[in-house]
Amino acid sequence: MAESEWQPESPEEAALPPPYRNFMIPKKEINMVPDMGKWKRSQAYADYTGFILKLNESIKGKKLTCEYKVSEPIEKLIDLLNTLDRWIDETPPVDQPSRFGNKAFRTWYTKLDQGAENLVATVVPSELSDAISEVAVYLKESVGNSTRIDYGTGHEAAFAAFLCCLCKIGVLRVDDQLAIVFKVFNRYLEVMRKLQKTYRMEPAGSQGVWGLDDFQFLPFIWGSSQLIDHPNLEPRHFVDEKVVNENHKDFMFLECILFITEMKTGPFAEHSNQLWNISAVPSWAKVNQGLIRMYKAEVRPKQREVGLEQNLSPAQVVGWVGGWVLKEAPAKCSLCLLPSAWRSSL
């Protein structure tokens, strides 16, 4: 890819400083309780949170099926995810006594572990090849744990961090924002659901009926933003099977509900109590605001999490696996710049 293809195009981006190069392999950053405050005050925390919030704002009131620009880097990310999908087909589950955690996942993961840098190299331009080894770590962290064969919101956060890094170094730009969510992240969800079903992956750090969802969080935030000011669909409707079946292809939130009902049995209020309670909220705007508050709590590590290597929360992935791009690099794309008006709410 020529350098002109990844340089800033908009006046907003053109005013940003160019990224200097000091890439490093990400390493664990939170080791002791005092480190938690450092994470909350870090540039990584501000950039990651800003990335999530700006995408949330950009897709407000828009359907998955709306028209949007698809750039070359977006297409290459889809090719990357299609490769992961193909590897699932090439790595069928093995016969084993245990019902959950099929060990074939480890074979699949080995392919990613060995090929991640080559996959990322197809997305990152040659001018930024030094970033590949750093950014690839987040991709490898985003698909689940190969030892425990589980997946949770921390792994989802790693993929969001992967996309955030691509924005910070200028591979993805402001005009990619709809495609980042509707095309790339949505395709990522499809691949993760296929992984979860094929290898019967355990939920990592699940809070059971008291958690929002066993596996995902971000599609509920962004999906509720899509539904803000919808003329017909209200929060109370997402527990209606007919409504979900008719509208899930347009809205991420409803696609999540459909997946839950496919994976779980029994009354919805019993297996997904938190979501059932959310259905009583009067508006999608309030649902969206509430979910953002919940997620901010998730990306702030709690004392009990320090020192743990399992059941990773979003804070543990993005804060613990901190490389130079998330920690220090000046953003090449303004999607990662947190507006000052939002800082007080963090």
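1. A residue is called buried under 20% relative accessible area, exposed over 50% and partly exposed in between, using a 1.4 Å probe and protein chains only. By this rule, 56% of the 346 residues in the chain are buried. Asp175, at 36% relative accessibility, counts as partly exposed.

2. The model is predicted: local features need pLDDT of at least 70, side-chain atom pairs count only at pLDDT 80 or more, and totals for chains, interfaces and linings use all residues. Residue numbers start from 1 along each chain as its sequence is written, and side-chain values use heavy atoms, with hydrogens and water left out.

3. The chain has 17 helices and 2 strands. Both are DSSP runs numbered from the N terminus, helices being H or I of at least four residues and strands being E of at least two. Of the contacts in the chain with a separation of 6 or more, 79% are between residues 24 or more positions apart; a contact means heavy atoms within 4.5 Å. The accessible surface comes to about 14700 Å², and carbon and sulfur atoms hold 50% of that area. Accessible areas come from the Shrake-Rupley method with a 1.4 Å probe, and for residues only the protein chains shown count as cover.

4. The whole structure contains 15 salt bridges, each defined as a side-chain nitrogen of Lys or Arg within 4 Å of a carboxyl oxygen of Asp or Glu. One of them pairs Asp175 with Lys69, with the closest N and O atoms 2.9 Å apart. The two residues are 106 residues apart: Asp175 sits in the loop between helix H7 (153–168) and helix H8 (177–198), and Lys69 in the loop between helix H3 (43–58) and helix H4 (72–90). Lys69 is partly exposed, at 38%.

5. Lys111 and Glu90 form another salt bridge, with a closest N to O distance of 3.8 Å. Lys111 belongs to helix H5 (residues 104–121) and Glu90 to helix H4, so this pair ties together parts 21 residues apart in sequence. Lys111 is partly exposed at 27% relative accessibility, and Glu90 is partly exposed at 45%.

6. Within helix H8, Glu190 and Arg187 are 3 residues apart, about one turn of the helix. Their salt bridge has its closest N and O atoms 3.1 Å apart. Glu190 is partly exposed at 40% relative accessibility, whereas Arg187 is buried at 16%. Through shared partners, salt bridges join Asp85, Asp89, Arg187, Glu190 and Lys194 into one network.

7. H4 and H8 pack at about 10 degrees with their axes 10 Å apart. Axes are lines fitted to C-alpha atoms, for helices over the stretch in contact, and angles run from 0 to 180 degrees between N-to-C directions. The two helices are therefore roughly parallel (under 35 degrees; over 145 is roughly antiparallel, 65 to 115 roughly perpendicular and the rest oblique). Residues making the contact include Asp85 and Asp89 of H4 and Arg187 and Lys194 of H8. By class, this contact has 12 nonpolar, 2 polar and 6 charged residues. Ala, Val, Leu, Ile, Met, Phe, Trp, Tyr, Cys and Pro count as nonpolar, Asp, Glu, Lys and Arg as charged, and the others, Gly among them, as polar.

8. Helices H9 (residues 218–226) and H11 (residues 252–263) have axes 6 Å apart, at an angle of about 130 degrees, and are therefore oblique to each other. Among the contact residues are Phe220, Trp222 and Gly223 of H9 and Met252, Phe253 and Ile257 of H11. The contact has 8 nonpolar, 3 polar and no charged residues.
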